[in-house]
Amino acid sequence: MKPNKISSYSLPRAGFFSALENLNSRKDVVEISELNFSQRVRNELARVKPTHPSCKWAELFGLIQTIGTLNISTRGPSLEIKTENAAVARKAVTLFKELGQMDSELIVEKETKLKKRKLYRIRVSAEDFSRIFPESIHSNILDKDVPTFAEDQECCRRSYLRGLFLGSGSVQNPEKTYHLEIRIAEKRFAERLKEFLDGTDLKFGVVERRNEFVLYIKDSDSVATFLTMVGAHSSLLHLENIRIIKDMKNNINRMVNCEDANIEKTITASVKQVQAIDLLEERGMLKTLPKSFQEVARVRKENFDASYTKIAEILEISKSAVSYRLKKIEDMAEKIAKDRRKDQEDEE
Ligand SMILES: [Zn+2]
């Protein structure tokens, strides 16, 4: 019996795979520039092919535990994986097939006006499933616990993480911010996963959001480590490129700010020096100074925002000579000001 409101078809295996293949490759060509970073990572991970059977199990575990459900219908109990991503759907079908020649059925929900995307459902009968999976593994999946072999073997751990990410992971565009997360429905399972992840190099945080538990990392190094672990090498390169450009921009900004600060310092000093020169001129003292001092004073007044280096260049003398002469002028002006204050006090 066909379910309502959905188009359901079971294709012969070969046709089934090529149908998915076509669908997927067409999507990649058309939308590659519009893909967000999450989709890009997910599409890349869907193409990673684990070789060992235990790694395949681990990956399928991750998928089932995040987007799988156990359904009871008139046709008997079945295990179903739901996803909007064609590449993920293909991956699930491939894993079921490779792990035990299980007959899986693909159901594609029609697009509606409200819901632009298609929904893929991959269904395997519970009977088939328990025939292939040993009892211990079977209960691990349904109880939502981390499979023991994923804790013991590095390759399986990575595959398990890949499966979890393919199921319910997302990562922000690194141009905006560094943030990667995996959403989990059950609190107990989220806590269990955090414990498991604490055993890796990654320190995930957990936060509750809209009845879900979100495991997240939010610094560039952790996101890069995760992408490396799960085998998203091309996405990692993209992230690294953006990280380099961002760092360069920051450095340039720092340099510009630093220059601004220097200009401000130069001008503050210049104001004081010009006041001092004016005072000495007023008192007829500038012309009593050596010619070399008078020249520095003139150039300073003519080049209000010039640094010592610039003044030194104009006069073809050393920077320390400029500094020494201007300091001398300032000291003389300071002395005049001090004497004037003293005279005023005496008069009072
Ligand atoms: Zn493995």
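Which hand, left or right, does the crossing of α2 and α8 have? The crossing of α2 and α8 is left-handed; a crossing is left-handed if the near helix is turned anticlockwise from the far one by less than a right angle, and right-handed if clockwise.

This is a predicted model: local features need pLDDT of at least 70, side-chain atom pairs count only at pLDDT 80 or more, and totals for chains, interfaces and linings use all residues. Residues are numbered from 1 along each chain as its sequence is written.

**Overview**

- The chain has 14 helices and nine strands. Helices (H or I, at least four residues) and strands (E, at least two) are DSSP runs, numbered from the N terminus.
- Of its 348 residues, 28% count as buried. A residue is buried if 20 or more other C-beta atoms lie within 10 Å of its own, exposed if 12 or fewer, and partly exposed in between, with C-beta atoms placed from the backbone.
- Among contacts between residues at least 6 apart in sequence, 65% join residues at least 24 apart. Two residues are in contact if their C-beta atoms, placed from the backbone, lie within 7 Å.

**Nonpolar cores**

- The largest nonpolar core holds 53 residues. Such a core is a set of buried Ala, Val, Leu, Ile, Met, Phe, Trp, Tyr and Cys residues joined through C-beta atoms within 7 Å.
- Ala89, Ala92 and Val223 touch the most other members of this core.
- Ala92 touches Leu63, Ile81 and Ile122, not counting residues up to four places away in sequence.

**Helix α2 against α8**

- Helix α2 spans residues 37-46, and helix α8 spans residues 154-168.
- They pack at an angle of about 135°, with their axes 10 Å apart. Axes are lines fitted to C-alpha atoms, for helices over the stretch in contact, and angles run from 0 to 180 degrees between N-to-C directions.
- α2 and α8 are therefore oblique to each other. Angles under 35 degrees count as roughly parallel, over 145 as roughly antiparallel, 65 to 115 as roughly perpendicular and the rest as oblique.
- Arg42, Leu45 and Ala46 in α2 meet Arg162, Phe165 and Leu166 in α8.
- By class, this contact of α2 with α8 has four nonpolar, no polar and two charged residues. Ala, Val, Leu, Ile, Met, Phe, Trp, Tyr, Cys and Pro count as nonpolar, Asp, Glu, Lys and Arg as charged, and the others, Gly among them, as polar.

**Helix α2 against α4**

- The axes of α2 and helix α4 (residues 86-100) come within 9 Å and cross at roughly 25°. That makes α2 roughly parallel to α4.
- α2 passes α4 in a left-handed crossing.
- On the α2 side, Arg42, Asn43 and Ala46 take part; they meet Ala87, Val88, Arg90 and Lys91 in α4.
- The contact of α2 with α4 divides into three nonpolar, one polar and three charged residues.

**Helix α3 against α8**

- Helix α3 covers residues 53-67. The axes of α3 and α8 come within 7 Å and cross at roughly 30°.
- α3 and α8 are therefore roughly parallel to each other, and their crossing is right-handed.
- Residues of α3 including Ser54, Ala58 and Leu63 take part in the contact, and so do residues of α8 including Cys155, Ser159 and Leu166.
- The residues of the contact of α3 with α8 divide into twelve nonpolar, seven polar and two charged.

**Two lysines**

- Lys144 is in the loop between α6 (135-142) and α7 (148-152). Lys144 is partly exposed, with 18 other C-beta atoms within 10 Å.
- Leaving aside neighbours within four places in sequence, Lys144 is in contact with Gln65, Glu186 and Phe189.
- Lys144 and Arg192 are 48 residues apart in sequence and 9.0 Å apart in space, C-alpha to C-alpha.
- Lys319 is found in helix α14. With 14 C-beta neighbours inside 10 Å, Lys319 counts as partly exposed.
- Lys319 and Tyr308 are eleven residues apart in sequence and 5.8 Å apart in space, C-alpha to C-alpha.

**Positive phi**

- Most residues other than glycine have a negative phi.
- Asn211 has a positive phi of about 65° although it is not a glycine. Asn211 sits in the loop between β8 (205-209) and β9 (212-217).
- Asn211 counts as exposed, with 6 C-beta neighbours inside 10 Å.
- Glu316, also not a glycine, has a positive phi near 55°. Glu316 lies in the loop between α13 (308-315) and α14 (319-347).
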